[in-house]
Amino acid sequence: MFKLSEIKELIKLVDQTSVQELEIESEGTRLSIKKPRAAEVVNLQTAPQAFIPAPQVLPQAIQPTAAVSQPATASTESSALDVASSLHKITSPMVGTFYRSPSPEAPAFVSSGDKVEEKTTVCIIEAMKLMNELDADIKGEIVEVLAQNGQLVEFGQPLFLVRPD
């Protein structure tokens with residue numbers, strides 16, 4: 001019979017190594033530990049779509065043209081991409097819980113429109129009961145806060161967009 005502490009220790013060891021599966025048998029008791037696969041393929045079947053009639057084809061002479069509006073759309077998309085590419089992303093250095101303020105009743109460290117320096121604290125990431133202050137790594141203006149207060153964030157996840165000075 002395995003003790004709970006022994007099972008927990010074995011789980012930790014399997015988790016920290018490249019071993020994918022471990023089976024142990026002792027005194028007639030068998031223990032099997034398997035790591036979940038990194039990516040599993042899931043086949044989803046969707047319900048059949050309602051019948052949608054095919055669009056009617058108009059003769060070439062009657063078909064409307066959209067050539068006039070296409071350049072405006074392309075230039076609008078291009079300028080939006082230029083603005084987005086000029087913004088700096090402050091990303092999460094770890095997995096944890098995102099907090100905008102030092103306590104629930106305190107105001108947020110920063111909001112959209114605020115100016116920040118390289119050492120300005122912008123948020124707290126809580127990981128394993130440790131509160132880690134995250135500083136802006138650039139001088140500029142906060143354009144958008146991308147994470148919600150209390151949200152679980154991943155390593156490398158963008159948290160803020162900053163327009164550099």
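Let's start at Gln 151, which sits in the loop between strand 8 (140-145) and strand 9 (152-153). What you have here is a predicted model, with an average pLDDT of 78 for the chain. The chain has two helices and ten strands, and there are two open sheets to find your way around: one with the order 7-6-4-9 and one with the order 3-10-8-5.

**Gln 151 and its surroundings**

- Is Gln 151 buried, exposed or something in between? Its relative accessible area is 26%, so Gln 151 counts as partly exposed.
- Once you set aside neighbours within four places in sequence, Gln 151 touches Gly 96, Thr 97, Phe 98 and Gln 157.
- Ile 125 is 26 residues away from Gln 151 in sequence, and the two C-alpha atoms are 9.8 Å apart in space.

**The aromatic pair**

- How many aromatic pairs turn up in a search of the whole structure? The search finds one.
- Phe 98 and Phe 160 make up that pair, and the geometry is tilted, with 5.9 Å from centre to centre and 55° between the planes.
- The pair ties together distant parts of the chain: Phe 98 belongs to strand 4 (residues 96-99) and Phe 160 to strand 10 (residues 158-164), 62 residues apart.
- Both of these Phe residues, Phe 98 and Phe 160, are buried.
- Phe 98 is also one of the residues that Gln 151 contacts.

**The 7-6-4-9 sheet**

- This open sheet has four strands in the order 7-6-4-9, and the pairing is antiparallel.
- Why do strand 7 and strand 9 count as edges? Each has a single partner strand, so one side of each has no neighbour in the sheet.
- Inside this sheet, strand 4 pairs with strand 6 in the antiparallel sense, through three bridges.
- If you want a residue to look for there, take Tyr 99: its bridge partner in strand 6 is Ile 124.

**The 3-10-8-5 sheet**

- The other four-stranded sheet is open too, with antiparallel pairing and the order 3-10-8-5.
- Its edge strands are strand 3 (88-91) and strand 5, each of which pairs on one side only.
- Strand 5 and strand 8 run antiparallel and are joined by two bridges.
- For Lys 115, the bridge partner is Glu 141 in strand 8.

- Strand 1 (residues 21-26) pairs with strand 2 (residues 29-34) in the antiparallel sense, over six bridges.
- Across that pairing, Glu 23 faces Ser 32 in strand 2.
- The hairpin has two residues between the strands, and Glu 27 adopts a positive phi near 50° there.

**The loop between strands 6 and 7**

- Met 128 sits in the loop between strand 6 (121-127) and strand 7 (130-135), and Lys 129 is found in the loop between strand 6 and strand 7 as well.
- Met 128 has a phi near 55°, which is positive even though the residue is not a glycine.
- Lys 129 is another non-glycine residue with a positive phi, this one near 65°.
- Are Met 128 and Lys 129 buried or exposed? Met 128 has 80% relative accessibility, so it counts as exposed, and Lys 129 is exposed with a relative accessible area of 74%.

**The chain as a whole**

- Going along the sequence, you get the pattern α-β-β-α-β-β-β-β-β-β-β-β.
- The chain runs to 165 residues, and 19% of them count as buried.
- Among contacts in the chain with a separation of 6 or more, 54% come from residues 24 or more positions apart.
- The chain has an accessible surface of about 12,800 Å², and carbon and sulfur atoms account for 56% of that.

- A pLDDT of at least 70 is reached by 71% of the residues.

How values were computed:
Residues numbered from 1 in each chain as written. Predicted model: local features only at pLDDT ≥ 70, side-chain atom pairs only at ≥ 80, totals over all residues. Heavy atoms only, no water. Buried < 20%, exposed > 50% of the residue type's maximum accessible area, 1.4 Å probe, protein only. Contact = heavy atoms within 4.5 Å. Phe/Tyr/Trp six-rings, centres within 6.5 Å; stacked < 30°, edge-to-face > 60°. Pairing = 2+ DSSP bridges. Areas by Shrake-Rupley, 256 points an atom, 1.4 Å probe, with all protein chains shown as cover. pLDDT = per-residue confidence, 0-100.
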